[in-house]
Amino acid sequence: MRKFNIRKVLDGLTAGSSSASQQQQLQQQHPPGNREPEIQETLQSEHFQLCKTVRHGFPYQPSALAFDPVQKILAVGTQTGALRLFGRPGVECYCQHDSGAAVIQLQFLINEGALVSALADDTLHLWNLRQKRPAILHSLKFCRERVTFCHLPFQSKWLYVGTERGNIHIVNVESFTLSGYVIMWNKAIELSSKSHPGPVVHISDNPMDEGKLLIGFESGTVVLWDLKSKKADYRYTYDEAIHSVAWHHEGKQFICSHSDGTLTIWNVRSPAKPVQTITPHGKQLKDGKKPEPCKPILKVEFKTTRPGEPFIILSGGLSYDTVGRRPCLTVMHGKSTAVLEMDYSIVDFLTLCETPYPNDFQEPYAVVVLLEKDLVLIDLAQNGYPIFENPYPLSIHESPVTCCEYFADCPVDLIPALYSVGARQKRQGYSKKEWPINGGNWGLGAQSYSEIIITGHADGSVKFWDASAINLQVLYKLKTSKVFEKSRNKDDKPNTDIVDEDPYAIQIISWCPESRMLCIAGVSAHVIIYRFSKQEVITEVIPMLEVRLLYEISDVESPEGEQAPPLPTPVGSANPQPAPPQSHPSTSSSSSDGLRDNVPCLKVKNSPLKQSPGYQTELVIQLVWVSGEPPQQITSLAVNSSYGLVVFGNCSGIAMVDYLQKAVLLNLGTIELCGSSDPYRREPRSPRKSRQPSGGMLIVTSCMCGVSSLYSESVKKLRSSFLNLKETAVFRDDVCRENISSREEQVQWLRSSVTGEFKVTVNTGLCDISEGTVAPEDRCKSPTSGSSSPHNSDDQQKVNNFIEKVKIKSRKFSKMVASDIAKMSRKLSLPTDLKPDLDIKDNSFSRSRSSSVTSIDKESREAISALHFCETFTRKADSAPSPCLWVGTTLGTVLVIALNLPPGGEQRLLQPVIVSPSGTILRLKGAVLRMAFLDSTGCLMPPAYESWKEHNVPEEKDEKEKLKKRRPVSVSPSSSQEISENQYAVICSEKQAKVISLPTQNCAYKQNITETSFVLRGDIVSLSNSICLACFCANGHIMTFSLPSLRPLLDVYYLPLTNMRIARTFCFTNNGQALYLVSPTEIQRLTYSQETCENLQEMLGELFTPVETPEAPNRGFFKGLFGGGAQSLDREELFGESSSGKASRSLAQHIPGPGGIEGVKGAASGVVGELARARLALDERGQKLSDLEERTAAMLSSADSFSKHAHEMMLKYKDKKWYQF
């Protein structure tokens, strides 16, 4: 009883328990005679801290755009309140407004290191950009009016704010307070007007006269307002609504864009009618009538050049009859008009000019176009207007991201190798100029290791990204769909019902950085294995295998008319001989009732395939349809370069393929893995007879949830009966072995049994594998047995009698089972759906599913959820480690499959790999997510791998060297261990983690991670020269545990699971790094390392750099003499409190921001930024005081000189009479 109580106490350990109490209880669990050797753990809680680092990708749902022409910084606002700032390539910054309201407009304080953002919730925010992490200095909330437009003149501290009511308020950006000066709409328009002019859509001051303000109202009215006299000078009226207004730099003309697709050019002093009306895309009628109306011109810009005609750049305005035409940007320069088509809708655009002064020739050189899903920069200086090559990582969403993997501390030669092959993929035709947005400075790269991110996409492409030093740059793009035939018309669709679109979408990526072997699993139940090569090759025939894998439950009618319960018997068959692969197998057929059968979902190309340097196809594996039922999606995948094996599984079963010999080694259902200590022995049977369609056979898919407990009990009884059947059938194998004399025949027989060559005749569930053009009749025969099986009729009769007993025993509950099965859905479940919780028999935890594995019924369907190749102890009695495969299922079962590999070199290609069960079975709560292995010192043992070498070169003369390279050698520390030293298996499931001591298979440590939620992602990672287990739960918590003791080190509430995109892409990696897809277009990186958090400020780039403001344009002698130049305005005198009074307190509320020194709270960069700003302000003030002192001294000297001359004149004419002058 005491032992039972101690275990109960251990099971109830919580995350908050102290390490001392844990050690005491562990000592009670392991008596001194059998205690596990203690491992010194170096990781402590102070080594962990969670914080966001950087965000990469295109801003999701952009809504606003701004550019600082002096600092060369671009700002993008989004509909979710995000703010993205871009400088030179590698200098990016992400900020977020707390309210989450959409950003409607952005205004830079040019060369001041500040930015004003206007939000849809009628708030204005002032951002300080002089620190590495920008922060809000001030906020202003308008309470009674809706903000529609803002304008901040160059080198002014007064911000004009237009509202929906048509009023204009003025804000002091230094104090962020309202001025008492207000322009009311009823004073701006004609007094005789009876209608409201609408919201303010434009505000700008005359480039040549700061005292004249141009106000555009939505209804079509434009007013030129005199700020000093507080009245309207001119009013311009047009019948169509206004969308935007732009000035000519001389201040004598302006241009308006309208809702009917027209442009009107007005002279300032001629308000009666426009000087010119242009319809850029309208059809000009011959009889002089007005052109047909077009779509609205949303924005227009008017930019001048010294040598030639001005540029008129506009978006929209296309004719209504251009149905289906893509959005366009129109560039009108002189008599030429260029229409530039865009891939997405245009959100906004800005023209980049050489000067920030609006009263000088603008000299435009580029146009930044913000699209709905892209950012385009057009070169205006070159003919044809080519675009610049975008250096920012904004193409993550080029095709929707479906999966993501993160690798830190990769081999040093990997990134250069990927970059070299990826450089050949770059497009041509870009502008030859450098990227003009080049502000800011790079941070100090404190990281010395390389990082790679791999993204899988919906179109079947795989992208490799260099993520070193918190930057992101695309290295290489692989298109996996190249190996498949494309459907040319609507009738020629892929043979798949798994997905309606995106049949090539990537689901799982398995990559070995050391060997550069890549394996992907697609949504159409296909697996492709790739090798990396720097040589271009032409593949005449694409190697491929077809796997027939199906978990089946069928009904057998009893003599009494009752349905017998289903006996799931997934069986595999294979041709283990390494036959030459076929380009397009002819196994496609139909069953007798016309159902699709032996047809893969996709068709592999049968023509030669040119494969460029990079990743090249090694083997294509496809699951096929079985009797009208599509194959299940693949849920787990693993590849091992040292063994030359790839293994994958789904809710139907598991298959292992030798990609060197192009042969299938294993093909079994999941129920067979758990069935007995030797689940791979099968009885041979004749070819399957044709069956009825789904009315007589029901595919149990992974979306089954809510199955009654009665069905669970019935399946348990069936499973026990099935185990008895297998035990009584074991003697058949002994008979077979006696008939096989030579060792070679024994090897062939064992291989055929392991690969599932035997088929049981009870309620057939088939799992076949077809290679090449093998006919179904041929696949039913053992490759070494000839035309018939080597079994006598007496043995067959005994098995048949036993089967009949099983049928009779099951009739009592067959009807209830059938009714429960009928309720199950046969619709395939996508990996992005969350499933409801299901109670299992022990009621100790609820069933939930992550993104990669969906909810399934406990007893009816068990999917493969984790696979791990390793070299460890497979059985308790093992004295030395050996290669094996660990298999984890969605029901918490862990099984071990032993691998007997032939010698390296040529023998590896000729002799078969022997796959055999070990009998080792472990249990955990929840689906198994991750497995790893530690040596006796607690160091992580990576799977064995074969170092990369070029395989497309002629064979070397040194054959011994080749044999050494081809021989699978483990790189784990276990290869040099003594027999007495043990290992540890770390297994993480949805609910708990266990550390199993090997070879004894005792549970050394256990930790219940969560009771009320479930783990979405778990990874065993290295950090600070040690290792830990990192977990992300559905309730938003990120937790880390020490290894091997599973001591809690970090538990932080970070991010609730709001959508399955996060669950599908969240992943941890070494050195405290993690990432997830925060939006469909952006990747968010974070760190849980204290060291990285401390160094983050140094690693981040600086947005603001001290740059001198360009000199103002020269007014010229005559303009200065006759007053023809720009007129300045003392806005302080006009808008200050002394002249305009105080604004109403109820109009707007000032909110202090956290962007000052108080809000930075010790952040070094923030303090330095504030100090630098204060120092610059002091320098400017000192310079002004110095200028004032010099001017005062000059005036004093001039006064003294005048006084002296006056005194001399007085003395000279003092005694003279008036007539003497």
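A nonpolar core is a set of buried Ala, Val, Leu, Ile, Met, Phe, Trp, Tyr and Cys residues joined through side-chain atoms within 4.5 Å, where buried denotes under 20% relative accessible area (1.4 Å probe, protein chains only). The model is predicted: local features need pLDDT of at least 70, side-chain atom pairs count only at pLDDT 80 or more, and totals for chains, interfaces and linings use all residues. Residues are numbered from 1 along each chain as its sequence is written, and side-chain values use heavy atoms, with hydrogens and water left out.

Next, centre on Trp511. Contact means heavy atoms within 4.5 Å; among the residues that Trp511 touches, beyond those up to four places away in sequence, are Phe407, Leu414 and Arg516.

Proceed to helix α15 (residues 1090-1099), where Gln1090, Thr1092, Cys1093, Leu1096 and Met1099 are buried. Their cover includes β1 (48-57), β67 (1073-1079) and β68 (1082-1089).

Finally, select Gln1073 in strand β67. Is Gln1073 buried or exposed? Gln1073 is buried, with a relative accessible area of 1%. Its side chain joins that of Tyr449 in a polar contact of 3.2 Å, a polar contact being a pair of N or O atoms within 3.5 Å; within protein, one must be able to donate a hydrogen and the other to accept it, and residues adjacent in sequence count only if both atoms are side-chain atoms.

Notes:
Buried means under 20% relative accessible area, exposed over 50%, partly exposed in between (1.4 Å probe, protein chains only). Helices (H or I, at least four residues) and strands (E, at least two) are DSSP runs, numbered from the N terminus.
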